[in-house]
Amino acid sequence: MSTQSVPRPDEARRVPDRLRSPLGRLLKSWEVLLLLVAVAIFVANSFASPYFLDAWNLSDATFNFTEKAMIAFAMALLIISGEIDLSVAAIIALASTAMGAAAQAGIGPAGLVAIGLVCGLACGAFNGALVTGLGLPSIVVTIGTMSLFRGISYIVLGDQAYRGYPPGFAWFGQGYVWWVISVEFVLFAVFAVLFAILLHKTNFGRAVYAIGNNPVGALFSGIRVARVKFILFLLTGLMSGVAAICLTSRLGSTRPSIAFGWELEVVTMVVLGGVNILGGSGSIPGVVIATFVMGLVTFGLGLLNVPGIVMSIFIGLLLIGVIALPRLWAMARRE
């Protein structure tokens, strides 16, 4: 008989409880780190420019991220499931073009909103059908549809622009609910809560995590993987339609180059928010904080008259850095 002593149940539990305490997990979480970064950027901006702390300027700063963030919420779920959609900016262009054509025909604000949402849903359904129906890689499909959707806008508009939207349509992108709280910011907050509940509090959200971690295992567990992914593409297309409504309303015009390059910024928001680019993990609160970080950075650089190309370089380096950081950290720990 072995003489090795067996630890009592209370002793066996003591160390794991300390290592896995809620406070310890919170302090080591990516979301807390991002929040500290956001606070540091806010403080730095307040010292860098005397105009930063003005209430209306801060309100204007939210326009740097609210439209992109609404897409990022849906994109986060899609990436967690192991897929991606790089056509979101092109969907905005196509939806905006459709709304512009309808506005020239005399359609009112309600009709324009419906057209924007339907166009976004149709584009999402097209992407989802190609990926889930034909089994094509989502990155290849959406690179193709990115060119397709924006190409249609260029064919329709050429070097022209649609203007003359009905006055009531401006409310979505230029209206305010109360004081400096814009309609767009309220929509951003509402969608943040809705997507957080969907991902973290429902069976659908658990299915998304399961698919991202092991799609074959999820399939054998009874999860309809193809249907879930198709719904996620629909959601991404729908949120691109919502962003198209807000952006077109805010600008008051439509050009085929509208939202050009936004797909990079949306993916950067998602990955910066702690979503694994390979799928399986991530959270909506992390994405919310990441949107504030990017919004504060771009707005602060804008107040300092930093050229737009420098901001693009920064976003590209940020995306590469966020993806590479976990790998570099793991390599350093092994050494």
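In this predicted model, G241 sits in helix α13, which covers residues 225-251. With a relative accessibility of 0%, G241 counts as buried, since the cut-off for that label is under 20%. Leaving aside residues up to four places away in sequence, G241 touches G116, L117 and G120.

Two packed helices are described by the angle between their axes and the distance between the axes. For α6 (residues 88-104) and α7 (residues 109-134), that angle is about 145° and the axes lie 9 Å apart. The crossing of α6 and α7 is right-handed. On the α6 side, the residues involved are I91, L94, A95, A98, M99, A102 and A103, and they meet L112, I115, G116, C119, G120, C123 and N127 of α7. Sorted by class, this contact is made up of 11 nonpolar and 3 polar residues, with no charged ones. G116 and G120 turn up again here: both belong to the α7 side of the contact, and both are touched by G241.

Next comes helix α11, residues 203-213, where F204, G205, A207, V208, I211 and G212 are buried. Looking down the axis of α11, these buried residues fall within an arc of 155°, so they line one face of the helix. The face turned the other way carries N203 and N213, both exposed. As for what covers the buried residues of α11, the list includes α5 (66-80), α10, α12 (215-220) and α13.

One of those covering elements, α10, runs over residues 183-200. Buried in α10 are V183, E184, F188, F191, A192, F195, A196 and L199.

Finally, a couple of loop residues have backbone angles worth a look. W179 belongs to the loop between β1 (176-178) and β2 (181-182), and its phi is near 50°, a positive value in a residue that isn't glycine. A259, also not a glycine, has a positive phi of about 60°. A259 is found in the loop between α13 and α14 (262-272), and its relative accessibility of 7% means that it counts as buried.

Methods:
Residues numbered from 1 in each chain as written. Predicted model: local features only at pLDDT ≥ 70, side-chain atom pairs only at ≥ 80, totals over all residues. Heavy atoms only, no water. Axes fitted to C-alpha atoms, helices over the stretch in contact; angles between N-to-C directions. Helix = DSSP H or I, 4+ residues; strand = E, 2+ residues; numbered from the N terminus. Left-handed = near helix turned anticlockwise from the far one by under 90°. Contact = heavy atoms within 4.5 Å. Nonpolar A, V, L, I, M, F, W, Y, C, P; charged D, E, K, R; others polar. Expected span 1.5 Å × (residues − 1). Buried < 20%, exposed > 50% of the residue type's maximum accessible area, 1.4 Å probe, protein only. Arc of directions from axis to C-beta.
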